[in-house]
Amino acid sequence: MSKHGPFRFAANILVEDTDLLVLAKPAGISTLAERTGNEPNLLDLGRAYCPSLQVCHRLDKQTTGALLFAKTPDAYRALTQQFEKRVVVKVYWALLNGHPPVGDGVAITAPLAVNPKGIVRADFKTGKPAETRFRLEATYPTVTLVAAKPITGRSHQIRVHAAFMGHPLVGDTLYGGTDLKLSDFKKGYKGDRYDEAPLNHGFLLHATSLTFHHPSTGAEMTAEAPLPDHFAAVLKVLAKWST
């Protein structure tokens, strides 16, 4: 059995009842099956746990955090309608290169389109409307931690809007991000800068919470996902050596 098997799936469940479950998605595993290869994906693993499971939205392979699944057809219809009507409130934490002028809040509304190579770009002629609201969480010497709230749900939206601001996600090389290294901010760093490993492993984007209405009761509920160890470790190093 794969190390990503049903037991691992069950161990990462944050909230569950007869209608739905919320999973703490790890980095490095896709929400759905990819077009090439046969690597495990969360929907297939989830169906080994609950055969009727359906995923209500997607997170990028590298993105971590709260991922919502429905356990019945009625729950799936009710929850996906909330996403379509933009009722669901999604909050992410993202570590960005540099110091974007976000303060207590700024909205980026650049429309987005996918080019022939499958890369999402800001496109004011043919792009679909997209809005992300960013808010400052913490500032470090070379990077900034922000909370991002996507109002629309376009593919790669937070990543592209961060890059559009001129401050892409740390490690997001697809959209111009650069890696974070200890020598970037630790005073008196004495290691080999040419052979230094980055602190991040890919980009750091985490879905911290989802707020939605329960598909049966209508009650508002919020599911929160703790930061994964690798993201928390980067913030701990930044806090230690940035003072």
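Reader: What volume does the largest pocket have?
Author: This is a predicted model, where local features need pLDDT of at least 70, side-chain atom pairs count only at pLDDT 80 or more, and totals for chains, interfaces and linings use all residues. Residues are numbered from 1 along each chain as its sequence is written, and side-chain values use heavy atoms, leaving out hydrogens and water. A pocket is an open set of points on a 1 Å grid over the protein atoms alone where a 1.4 Å probe fits, with protein on both sides within 12 Å along at least five of seven lines. Filling the points with probe spheres, the largest pocket comes to about 1,200 Å³.

Reader: Which helix gives the most to the lining of the largest pocket?
Author: The lining holds 33 residues, each with an atom within 4 Å of a point. With four residues, the top contributor is helix 3.

Reader: How far from lysine 90 is the nearest side chain of opposite charge?
Author: Lysine 90 sits in strand 5 and is buried (under 20% relative accessible area). Among the residues it touches (heavy atoms within 4.5 Å) are Phe83 and Leu210.

Reader: Is histidine 156, with its positive phi, buried or exposed?
Author: Most residues other than glycine have a negative phi. Histidine 156 has a phi near 60 degrees and is found in the loop between strand 10 (143-150) and helix 4. Because its relative accessibility is 19%, histidine 156 counts as buried.

Methods:
Helix = DSSP H or I, 4+ residues; strand = E, 2+ residues; numbered from the N terminus. Buried < 20%, exposed > 50% of the residue type's maximum accessible area, 1.4 Å probe, protein only. Lys, Arg positive; Asp, Glu negative; His and termini not counted. Salt bridge = Lys/Arg side-chain N within 4 Å of Asp/Glu carboxyl O. Lists of a residue's contacts leave out its neighbours within four places in sequence.
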